[in-house]
Amino acid sequence: MRVLPHRAQDLARLAMLWVGGEPVVTVIGKYNHGKSRLLNELMRRDAFAVADRRETVCLSERQHAGVRWLDAPGLDADVAGADDRHASTALWVRADVRLFVHSVKEGELDAAELALLETLRTDAVRTGRKVLLVLSQADQAGEEAALDRVVSAIAGQVPDMPRHLVSATRHRRGMEAAKPLLVARSGIPVLEAALSDALACVRQARAHETELLAGEMRAELEAVALRQATALKALRQQEADQRRAFEAELSALLETIGGEMAAVVDAPGPDLALVADSVGARYATTAAKQERARVQVAYSRACIRIDALLAGHGVSGLPRAQETAAASLNTVMVAVMGVSVKFRADLRRLFCTAQGRARLHADFAHYFDLSKDRLRLRGEIAAAAAAREAAIEARMALPAPETGA
Ligand SMILES: Nc1nc2c(ncn2[C@@H]2O[C@H](COP(=O)(O)OP(=O)(O)OP(=O)(O)O)[C@@H](O)[C@H]2O)c(=O)[nH]1
Ligand SMILES: [Mg+2]
């Protein structure tokens, strides 16, 4: 359901089919069209509540003659509420046979009824679930001529669909008074014969539908798993490419800086920066100060270039857990390099030895992996991997074709 949310209803239907059980007949149609009363006649007892207003508001069901009969709330085009959801479950998840009930008292089929009937007929072709069109309340259409007009208008609307004209009250009177002619005129016996033919097909239709739905689901899940696998591969490739590009640029830059620093640290003569300034020369420009300034400038230039490289790869702030109260210190540069360098020995240690460069490389690579973009990318990879796993698991949960029936 999580992997194929748009197939939730079909999955529920499939679950029903696996459980099996008696065939299910459900009525469907607008409210007050005589659905509950029709079921009562078919079941020969007043099992469902009947009234002259919107009566059935949730699903109720009874068992009779090896069939489960479902009374669904009337469909009302104006209300997309819980009643309609019950009706939809009855219709799409539970039903093996649908009795589409329309009262001739109301004239021809309206647009909503026609649309639903069309959808049901398309579904019947696909799944093998039968739909019978029942024109109810035949005794309520006025004179014979008026009834004929309505019935032929409906015949014009759905010419290739058999119509069953019935009157529940006539049937009831005929049964109670033991009048076979009245019973026959109620249209119910003919409807019952059609219903019994439809019920005889349920077993085969269910087997067909199970394989159809499971087959579609399998194909869809395989397609989803394949799509997810492709997406996952692309993301992993992106992750590896990013890392390779970062490392290559970083190595090249550290090599370049190392070469440039050699000229600074290998300058002839002693490191004058180490000579302490006399108190008298506090404000004077001394050779020691100049030397320290030279080292600092070289160091700053190196830092700026590294920082630019890091920024280009989205590395700047520290991971949250490592942040301190001093916001200006919360940068990767400060964390890796320290705050300031004044002496040649520091420059040499940092940039001019393979060991120093390897340390910088490892530290920057560490923070690169903890940068926001990288974390987001790894999150995407984890989500894609989980989605793929879920699709594969869902696919495994569907039985193989031969065991699907
Ligand atoms: N005269 C006559 N009245 C009928 C017939 N069938 C149903 N009725 C009446 O029509 C009204 C509605 O019937 P229900 O069976 O409750 O209608 P429903 O389609 O189940 O209505 P909801 O449950 O509200 O969707 C009731 O007063 C029934 O007695 C019929 O064949 N002839
Ligand atoms: Mg009802």
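Modeller: The questions below take the labels one by one. Keep in mind that this is a predicted model.

Colleague: How is the protein chain divided, and how far apart are the centres of the domains?

Modeller: Domain 1 covers 5-200 and domain 2 covers 237-394; these bounds come from an automatic or database domain assignment. Taken over C-alpha atoms, the centres of domain 1 and domain 2 are separated by 77 Å.

Colleague: How do you know that the length of helix α1 agrees with what a helix should span?

Modeller: Helix α1 takes in residues 8-19, which is 12 residues, and at 1.5 Å a residue they should span 16 Å. The end C-alpha atoms of α1 are 17 Å apart, so the two values agree.

Colleague: What makes one face of α1 the buried one?

Modeller: R13, L14 and L17 are the buried residues of α1. Seen down the axis of α1, these buried residues fall within an arc of 100 degrees, so they line one face of the helix. An α-helix has 3.6 residues a turn, so residues three or four places apart point the same way.

Colleague: What follows α1?

Modeller: G20 follows α1, and the phi of G20 is positive, near 80 degrees.

Colleague: Why does D123 count as buried?

Modeller: D123 is found in helix α4, residues 111-127. Its relative accessibility is 10%, and buried means under 20%, so D123 counts as buried. D123 and W92 are 31 residues apart in sequence, with 9.5 Å between their C-alpha atoms.

Colleague: What lines the largest pocket?

Modeller: The largest pocket has a volume of about 420 Å³. Of its 26 lining residues, N32, G34, R37, V50 and Q137 are the closest to its centre. The elements that give two or more residues to this lining are α2 (35-43) and α6 (168-176). With four residues, α2 gives the most. By class, the lining has seven nonpolar, 11 polar and eight charged residues.

Colleague: What makes a space a cavity rather than a pocket?

Modeller: In a cavity a 1.4 Å probe fits but cannot get out, whereas a pocket is open. The structure holds one cavity of 30 Å³ or more, and the largest cavity has a volume of about 40 Å³. Its lining includes R13, D96, A198 and E209. R13 is also among the buried residues of α1, and A198 among those of α8. Helix α9, residues 202-265, gives the largest share of the lining, four residues. By class, the lining of the largest cavity has four nonpolar, one polar and six charged residues.

Technical notes
Residues are numbered from 1 along each chain as its sequence is written. Chains are lettered from A and ligands numbered from 1 in the order in which they are written. This is a predicted model: local features need pLDDT of at least 70, side-chain atom pairs count only at pLDDT 80 or more; totals for chains, interfaces and linings use all residues. Side-chain values use heavy atoms; hydrogens and water are left out. The expected span of a helix is 1.5 Å times one less than its number of residues. Buried means under 20% relative accessible area, exposed over 50%, partly exposed in between (1.4 Å probe, protein chains only). The arc is that of the directions from the helix axis to the C-beta atoms. On a 1 Å grid over the protein atoms alone, a cavity is a set of points where a 1.4 Å probe fits but cannot get out, and a pocket is an open set with protein on both sides within 12 Å along at least five of seven lines; lining residues have an atom within 4 Å of a point. Grid points are joined across faces, edges and corners, and a volume is the space filled by probe spheres set on the points. Ala, Val, Leu, Ile, Met, Phe, Trp, Tyr, Cys and Pro count as nonpolar, Asp, Glu, Lys and Arg as charged, and the others, Gly among them, as polar.
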